[in-house]
Amino acid sequence: MRALLLINPAATSANRRTTDVLVRALGAAIELTVEETRHRGHATALAATAREKGFDVVAVLGGDGTINEAVNGMMGGEHPSPALIVLPGGSANVFARSLGLPNDPVEATGAVLEAIREGRRRTLGLGLAVWEDGALGDGVEPAGGPGHDRRYFTFCAGLGYDAEVIRAVEGLRGAGYKASPSRYVNTTLRHYLITDRHRPALRLERPRQPAVEGLFLAIVSNTSPWTYVGGRPINPTPWAGFDTGLDLLGLRKMGIVTMFGLTRQIIAEPVGLPRGRNLVQLHDEEEFTLVARRPAAFQLDGDYLGERERVTFRSVPAALQVLV
C-alpha cells in the first residue's frame, strides 16, 4: 500500500516530536511518502498529484481545512480516487471526531493502524457546493485555484452569520491569535452585536418546491455534530449523516429569545430536531440552493471562502473511502 502523508506544519498538534512519532509508526506499516503543505491550496495540489500517480492512500495530519483541501484534490480526474486516512491536528477536528477517531493524533494513529491491519474501510457521502460566478470575495481563492466554482465538503457549509463568525476568527488568527473554543464562543457573542439582525438576506430554493424567504443564516450539514466546543458536540442538525443526503437549518429571526432557545437545544443531548417557529429544516436532501439579496459570508468545513450571492448544494453519495 503506497500512501502520501500530508502534514500541515502550522496545525495545532503538528509539533515536531508528535510528527516524527506518527511518521515512524505509519512508515512501519505502509510505504510512506511525506510532504509538508506550505500555503493555502497546497494540499489540494499534492493530493491531486497523488491520485494521478496511483497512490492507494492519502493521509492528512492537519485540521479540517487541510483535510478539505486534500479531499478536493483526491476527487475527480481520470484516475481512481485514493482512500483517506485522517490524523487530527487542528483545534476542532470535527471530521475526525465524527468518524469516531480519538481527538489526540497519536491515539488516532493507533486506531488507523488497527484499521489498516484489519482492512477496515468506510464509504462516505460528501457534499458539493457550486457557485456561479467563479470569483470569490475578499481576495480569497478556493483550494483548487482561481476560476474554480465548485468544492466538496466533508461535514458542513454555511451562508450568513456562522460564516461571518468564522471570517472574524480567521482575521484574529491572521493577527497572531490562537484559535480555541473560547475564542470562537467569545467571537460569536461579540459578532452578534454587530451583525445585521433586522434584514434577512437569504432565500432557500428547492426543485419543485416553493421558495422560503427571509433567512438570516443557513447551516448545511453532511453529518452530525456540526462542530464541537471543547469536548461538547453542537447539534443543530442531529439527523444528518454520511449515509444520507444533506440537512439544513435556517433561521428566520435572530432575536435574543430565538437565539437562546436554539442554543439551549443544540448544545444538549439531542432527542429530536430543534423546535421553534422561526426555524426552517430540511433532512436527507439531494439538492437545494441558497440565494442572497446581498453578498453573504460563505464557509465550507470551517474555512471562510469569501462572499457569495448564489450557492447550490448537492449530496454526492458513496464518494469517499476512509480507513477508520
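How much accessible surface does the protein chain have, and what percentage of it belongs to carbon and sulfur atoms?

1. The accessible surface of the protein chain is about 14,500 Å², and 49% of that belongs to carbon and sulfur atoms. Accessible areas come from the Shrake-Rupley method with a 1.4 Å probe; for residues, only the protein chains shown count as cover.

2. This is a predicted model, in which local features need pLDDT of at least 70 and side-chain atom pairs count only at pLDDT 80 or more, while totals for chains, interfaces and linings use all residues. Residues are numbered from 1 along each chain as its sequence is written, and side-chain values use heavy atoms, with hydrogens and water left out.

3. Buried residues make up 54% of the chain; buried means under 20% relative accessible area, exposed over 50%, and partly exposed in between (1.4 Å probe, protein chains only).

4. The protein chain contains 8 helices and 16 strands. These are DSSP runs numbered from the N terminus: helices are H or I with at least four residues, strands are E with at least two.

5. Helix α6 covers residues 161-174 and spans 20 Å from its first C-alpha to its last, close to the 20 Å expected at 1.5 Å a residue. That expected span is 1.5 Å times one less than the number of residues. Among the buried residues of α6 are Y161, V165 and V169. Their cover includes β7, α7 and β16. After α6 comes G176, with a positive phi near 105 degrees.

6. R167 and E307 form a salt bridge, with their closest N and O atoms 3.1 Å apart. R167 is in helix α6 and E307 in strand β16, so this pair ties together parts 140 residues apart in sequence. A salt bridge here is a side-chain nitrogen of Lys or Arg within 4 Å of a carboxyl oxygen of Asp or Glu. The structure holds 15 of them.

7. R206 and E285 also form a salt bridge, at 3.4 Å between the closest N and O atoms. R206 lies in strand β8 and E285 in strand β14, so the pair joins parts 79 residues apart in sequence. R206 is partly exposed at 25% relative accessibility, whereas E285 is buried at 18%.

Key: Contact = heavy atoms within 4.5 Å.
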